[in-house]
Amino acid sequence: MYRSRREFLTAAAAAAALAPLNRSVAAEEPVATEEAALAKQKISNRIAISTYSFWQFRHEHLRDVEKCITLSAEMGFDAVEILHRQMTDESPAYLQKLKRTALVNGVDLCGFSTHQGFLSPDKEKRQKNIDATIHYIRLAYEMGIPTMRVNTGTWGTSKDFDDLMANRGIEKPIEGYTDEDGYKWVIDSLEKCLPEAEKCGVLLGLENHWGLGRTPEGVLRIVDAIDSPWLQVTLDTGNFLEDPYDRLAMMAPKAIYVQAKTYFGGGLWYTLDLDYPRIANLLHEQGYRGYVALEFEGREDPLVGISQSLSLLRTAFA
């Protein structure tokens, strides 16, 4: 303790004189900034599942979306993505029932996976798909789903989807037209959907999903041309059949949602041996903190393959 007021004032003055020196020395020492500290934090993604993983367009006993939500919660998923084509009812009462089912089971409804096709010279056909996409946005809003998958669509020159897959997703344009025509149609169509997306607060993610989305360059060309915060990228890990990691890395900076394919029991159309720790690392390097939604596309019994897939993704994205 200081014995007098004078001694206290003398000590205080000395401390004040040394303060600039102390600050200078401290400034020379490496101090982690808040930004650097945040960058070093380990990212752990929430694991979701698409209802498609149960149904796969072939397991009718697992088509019911409400049942899929309940099963997802029981299996330990954090959230559920709903495949629109799996729904058998769009009534307001049903949409709210799905929202309620998710809430009481403690899972989020995090994604809405939809289909549309803009690769057509027929303006009326494109408008029909624009109107359908706007309708899907409103459905997502009613269910409280914040993000929705959109596609460019395909040219439709393949005999069927099996034929498209047999050709590695490569498809010729409609005779008399080129991909350049297609880009104009897709960009114009998606731009017409964005006012409703912004109004409803539903973030659209253009997926690398055949058509002009078959390559990262195609997806990014469209997203960059539109340049809207309401259209970014849904990254599908299983839709690049060659050089997947380099291509996924190209899209990762704009990814707002990730769909992760697995193939236990062998793939329905093809099988990829994906290195999920590597994929998690390249996404985390870009700071991706969003959902990773399982799309199980294997021939194993869905309830078995889904459980195996959850364990795989939990480990990789922990």
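Biologist: What is the volume of the largest pocket?
Modeller: This is a predicted model, in which local features need pLDDT of at least 70 and side-chain atom pairs count only at pLDDT 80 or more, while totals for chains, interfaces and linings use all residues. Residues are numbered from 1 along each chain as its sequence is written, and side-chain values use heavy atoms, leaving out hydrogens and water. A pocket is an open set of points on a 1 Å grid over the protein atoms alone, where a 1.4 Å probe fits, with protein on both sides within 12 Å along at least five of seven lines. Counting the space filled by probe spheres on points joined across faces, edges and corners, the largest pocket has a volume of about 810 Å³.

Biologist: Which residues lie nearest the centre of the largest pocket?
Modeller: Its lining, meaning residues with an atom within 4 Å of a point, numbers 39 residues. Nearest the centre of the largest pocket lie Arg85, His115, Thr154, Phe161 and His209.

Biologist: Which element gives the largest share of that lining?
Modeller: Helices (H or I, at least four residues) and strands (E, at least two) are DSSP runs numbered from the N terminus. Strand E2 (79–83), helix H6 (123–143) and helix H7 (161–166) each give two or more residues. The largest share, three residues, comes from H7.

Biologist: In what order do the eight strands close into a barrel?
Modeller: Two strands pair if DSSP finds at least two bridges between them, and E3 (residues 108–113) is joined to E4 (residues 147–150) by two, with Ser113 bridged to Arg149. The pairing in the barrel is parallel, and the order is E1-E2-E3-E4-E5-E6-E7-E8.
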